[in-house]
Amino acid sequence: MVNTPLPKSRAAKPPAAVPLLRCFVDGAWVDTGKSFDNINPVNGQLISHVCEAGQDTVNAAISAANRAAQGSWKHSTVSERAAFLHCIADGIEQRFDDFVAAEVADTGRPVHQARTLDVARGIANFRTFADLIKTSSSDLFQSDGPDGAKIMSYVIRKPLGTIGIISPWNLPLLLLTWKVAPALAMGNCVIAKPSEETPSSATLLAEVIQAAGLPNGVFNLIHGFGPDSAGQFLSTSPHIDAITFTGESRTGSTIMKAAAEGVKEVSFELGGKNAAVVFADADFEAAIAGVMKSSFTNSGQVCLCSERVYVERPIFDRFVAALKSRTEQLRVDFPDAEGVDMGPLVSHAHRDKVLSYYKLARDEGATVVSGGGVPVFGDERDQGAYVQPTIITGLPDTARCVREEIFGPICHISPFDTEAEVIERVNDSAYGLAGCVWTTNLSRAHRVSSQFETGIVWVNTWFTRDLRTPFGGAKLSGLGREGGRYSLDFYSEISTICMKL
Ligand code: NAD
């Protein structure tokens, strides 16, 4: 299997043969003749070379998808597509360990996370949408016409055509399949562009899809960067019908400008600066455990992580002390180490960004309660992209570290006095992705959560997702909603048939 990445190894020796990850266009593997390096963030070693798609390869993928969109796939039945999706899910499951190795190699995340979250959710995304299209219904309205005739209006969903899917590096397989599965389920053809930082699991997915026997051109994979590369060539093409994108807000804005030209449908899942609010009546231990998770899962590289924590003043000092103690027990280690809690950041470039915020926090006058630097291991991890999990306090709400998305294992904790005050401070953000409320007061839970200007609010939990619920963000955090029937709506051309009986 040429495309299978080497599993991450602790051995200091470079791999003997470095694999080449190719693009997948019109049912064939394409060596574009130009490649970039894929680096392991644990130790800085080369994992693979990756073929970069230029304008010609992107055009070929778009043409293939457009041809396939007019071919047999357009007339495929719901049962046929559901069967394909189940076949893809089974294919991922059969190569579960390969997918885990790919995610771990590209991101350095703990193996247990790749097993229980990334790959498990990749499978679930295909199964969920396969089942959903078999049971989804549509609206039907009956009315009386002006002449007294009966009118029946009903709504049908048709494929949009060719969808460009551009995804980020933080949860590579999970976020890519979150879009590929419903797009295929609704009868579209796709061109998927994973992040340049995490090309491996997407390449495995293309292998699984090829083995599942989808018609040529229905699924295409192009590797590359954003500007002046595959991402830009795909998103600026006049020959695609919609773009779905997950990534930074400013990239979303660039893509939206390109999409405006052809008035294309867009769905954007963008950045966040999420808040967790802990009331004095919260179950203290549950809140500590929850904030640990929401601050440090995946080294803080989940768009839903809470980088702003507001704690009611009577429990503020106790909360900060307990969170510091738990943070200092976190095991920052190799992805396959027993009991590992946190791996490195995704890349050295991202580490530079996060460390610049650690420095900025000090410059802005923060008190560093825990962490704030780079761990020293005395082994190959010192060539990796590790940072310490970090807690800061003492910044005003106007500080850049409290307003800008850092996307690392850092949270700022601030005291508050009243419910109205904390709601105002939570909403005083350019972002509006997610929020958390920790309280045992049921009325307060409902009252407060409904006032957050975010796409989702968790009460006494975090990151729990029912895939049938709408997901997305307000303000700079996104546009539109995906999930369950909301995905079916986005990936369809919705048409009304109005009939006089
Ligand atoms: P990014 O915007 O830098 O890159 C995302 C993807 O867009 C990559 O595939 C990249 O190659 C491509 N890209 C970059 N510039 C482009 C351009 N000009 N035209 C077309 N494509 C372009 O984001 P990232 O650093 O990979 O991911 C981290 C960001 O994603 C964070 O801001 C995080 O909050 C956000 N995110 C949001 C959600 C959500 O559901 N709201 C989920 C995960 C991540």
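Which residues does Gln113 touch, not counting residues up to four places away in sequence? Gln113 touches Asp118, Leu171 and Asn298, where contact means heavy atoms within 4.5 Å. This is a predicted model, in which local features need pLDDT of at least 70, side-chain atom pairs count only at pLDDT 80 or more, and totals for chains, interfaces and linings use all residues. Residues are numbered from 1 along each chain as its sequence is written, and side-chain values use heavy atoms, with hydrogens and water left out.

**Gln113**
- Gln113 sits in helix α4 (residues 111–135), helices being DSSP runs of H or I of at least four residues, numbered from the N terminus.
- At 8% relative accessibility, Gln113 counts as buried (under 20% relative accessible area, 1.4 Å probe, protein chains only).
- Asp341 is 228 residues from Gln113 in sequence, with 9.1 Å between their C-alpha atoms.

**Helices α3 and α6**
- The axes of α3 (residues 96–107) and α6 (residues 200–212) are 8 Å apart, at an angle of about 155°; axes are lines fitted to C-alpha atoms over the stretch in contact, and angles run from 0 to 180 degrees between N-to-C directions.
- The two helices, α3 and α6, are therefore roughly antiparallel (over 145 degrees).
- Residues making the contact include Asp98 and Phe99 of α3 and Leu204 and Leu205 of α6.

**Nonpolar core**
- The largest nonpolar core has 117 residues; such a core is a set of buried Ala, Val, Leu, Ile, Met, Phe, Trp, Tyr and Cys residues joined through side-chain atoms within 4.5 Å.
- Helix α5 (residues 172–185) gives this core its largest share, ten residues.

Notes
Parallel < 35°, antiparallel > 145°, perpendicular 65-115°, else oblique. Buried < 20%, exposed > 50% of the residue type's maximum accessible area, 1.4 Å probe, protein only.
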